[in-house]
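Here is a model to walk through together, one feature at a time. Have a look before the questions start.

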Amino acid sequence: MQIAEKLAQNWLARLQVDCPNYDRATYESIISWLLGKDLARFEELTASQLAIAEQAMDYRYRILLHRYLGVGPERAYRNLITRLGSLVMLRNKIKTWVSLSRDRHRAVVDVLQEVIQELLHSDRYLQQQIAWITKCSSDSRLRNALLLASAEEYCMRPIRNQPLLLYRFVNYLRRSGRGGITHVPTGDLVRLVSEEVMPEDADNPVSLLDAQAMAQYQETQAWEERMAARTSVKQEFESYLVQTVGPVAQDWLQLYLQGRSQEEIARTLDKPIKEIYRLREKISYHAVRVFALKIQPELVANWLETSLQEHHLGLTPSQWQEYCSSLTAEQRLLLDKLATGKTLEAIAQDLNLKTNQVMGEWSKLYLAAQEKRSPS
C-alpha cells in the first residue's frame, strides 16, 4: 500500500493548505472518498495510469472544493442543479419532452430534479458511492457534500461527446412514460431519442434505452482513456497559449476548467472584467480556429471524438446526412480525400491547388460541422 499511503500524505498536505479550518477527521474522510475503497489497485497501475488516476481525483476534488464543501445542504443542492441545468442539450431535450407530454406546464428544473433523484435512488454506481461515503464519514453535512460532488462528476462524464446525464434522462423517459406520469406517446418518445439510440455502425446496433447497454459505457477503462486525452489536450493547449497569447491565458484556462465564472476569474487575476471577456474571446478563437484546426487537429479530434474518419466530425447520422447534402461537388471530393487520410499537401497536388487553398476550404468545412454540432 506504499503508493496509496503516499497519495494520502500528499492529499493531507494539500487539504491542510486549502482548508485550514477543518479538523483531521474531515481531512481523512475526504481522502478516503478520493482514494476509494480498493487501495491495492494503485500498486498495479503503470506510471501513466497512475497519473490519470491522480488527474481524476484532482478533478473530483476541485468539484467538491468549489461548489459543495462547507456549503449548506440547500445551497449545495441548488449548486448541483444549476451546474447540470447549464447543459444546453439536456435542457432542449427536456423542453421537447415536456412539449410532447400532456403536462406542458412543468419547468425544466423540476424535471431535472426528478432525474437526479431517480439517479440517487436507483443508479448502481451512485448507490455504491453512497455506501462508500457512509463508511468515509459520520458527519451528515460532509456526507452530503461528498455525495453531490460524486453526482456532478458522474453526470458530467463524456459519453460519445455528450454528458452521461443525457443518456440517464433517456432511461428516465422510458420508466416515467410507462408509469403514466407524463403519458408521452410511444412514437414521439422514439422520435425524441432516435439520434441517441442509432449508432453509426448499423451492423452493431446499441439501444441506449437498455440498462445493460448503458452499463457498458461506465467502464473504467473508457473513462480513464478520456481523462488521458483530456490531460494531453489541456497540457498542449496551455503551452500553446503561453507562447501565443501569454501566461495570463494559461491562468485563465486553468480557472475556467475549475468551473469559475468570468467574474471570479477577474477577481482572482486582479484584472478588469472587460479585459477578461476580451481574453476569453481571444482564447476561444485560438482554441477553435487555430489550435484544434491547424496545430493539433488529431489530438483534439480524438479527445472530442470529432475526427472525420471515425466520428464524422462528431455529427449524428442525421446531422451528417444533412451536412453532406449541403456540400458542393468540390467540397464532397475534398472531404472524401481527407477521409482517406491523405495529407493536405498530397490533396493539393491531386487537385492542382495550393496547400493554403486546401487548408482554407478544409477550415470552412470543419467550422460548418462544428456549428451544426452546437447550434446557438
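## Reading the model, feature by feature

Q: Let's begin with Ser-29. Leaving aside its neighbours within four places in sequence, which residues is Ser-29 in contact with?

A: Keep in mind that this is a predicted model. Setting aside residues within four places in sequence, Ser-29 is in contact with Cys-136, Ser-137 and Leu-142. Ser-29 itself belongs to helix H2, which covers residues 24–35.

Q: Is Ser-29 buried or exposed?

A: Buried means under 20% relative accessible area. Ser-29 comes out at 7%, so it is buried.

Q: What lies 2.8 Å from a polar atom of the side chain of Ser-29?

A: That would be the backbone oxygen of Cys-136.

Q: On to charged pairs. How many salt bridges does the count come to?

A: The idea is to look for a side-chain nitrogen of Lys or Arg within 4 Å of a carboxyl oxygen of Asp or Glu. By that rule the count is 12 salt bridges. One of them joins the side chains of Asp-18 and Arg-14, with N to O at 3.6 Å.

Q: Why are Asp-18 and Arg-14 separated by about one helical turn?

A: Because they sit four residues apart in helix H1 (residues 2–18). As for accessibility, Asp-18 is partly exposed at 36%, and Arg-14 is partly exposed too, at 32%.

Q: Which residues are linked with Arg-14 and Asp-18 in a network of salt bridges?

A: Asp-58 and Arg-62 are linked with them in that network.

Q: How should I read the salt bridge between Arg-67 and Glu-152?

A: Start with the distance, then check where each partner sits. The closest N and O atoms of Arg-67 and Glu-152 are 2.6 Å apart. Arg-67 is in helix H3 (residues 47–67) and Glu-152 is in helix H8 (residues 140–155), so this pair ties together parts that are 85 residues apart in sequence. Arg-67 is buried, with a relative accessible area of 12%, and Glu-152 is buried as well, at 1%.

Q: And where are Arg-168 and Asp-123 found?

A: Their side chains meet in a salt bridge, 2.9 Å from N to O. Arg-168 is in helix H9 (residues 164–178), while Asp-123 is in the loop between helix H6 (108–122) and helix H7 (124–136). This pair links distant parts of the chain, 45 residues apart. Both Arg-168 and Asp-123 are buried.

Q: Now a helix. What span should the 13 residues of helix H4 have?

A: Count 1.5 Å for each residue after the first one. For helix H4 (residues 73–85) that gives 18 Å, and its end C-alpha atoms are 18 Å apart, so the two agree.

Q: Which residues of H4 are buried?

A: They are Ala-76, Tyr-77, Asn-79, Leu-80, Ile-81, Leu-84 and Gly-85.

Q: Last topic, backbone angles. Which residue has a positive phi of about 55 degrees although it is not a glycine?

A: Asp-270 does. You'll find Asp-270 in the loop between helix H14 (262–269) and helix H15 (273–295). With a relative accessible area of 68%, Asp-270 is exposed.

Q: And which one has a positive phi of about 60 degrees?

A: Asn-352, which is not a glycine either. Asn-352 is in the loop between helix H20 (344–351) and helix H21 (355–373). At 72% relative accessibility, Asn-352 counts as exposed.

Note on methods:
Residues are numbered from 1 along each chain as its sequence is written. This is a predicted model: local features need pLDDT of at least 70, side-chain atom pairs count only at pLDDT 80 or more; totals for chains, interfaces and linings use all residues. Side-chain values use heavy atoms; hydrogens and water are left out. Helices (H or I, at least four residues) and strands (E, at least two) are DSSP runs, numbered from the N terminus. Buried means under 20% relative accessible area, exposed over 50%, partly exposed in between (1.4 Å probe, protein chains only). A polar contact is a pair of N or O atoms within 3.5 Å; within protein, one must be able to donate a hydrogen and the other to accept it, and residues adjacent in sequence count only if both atoms are side-chain atoms. Contact means heavy atoms within 4.5 Å.
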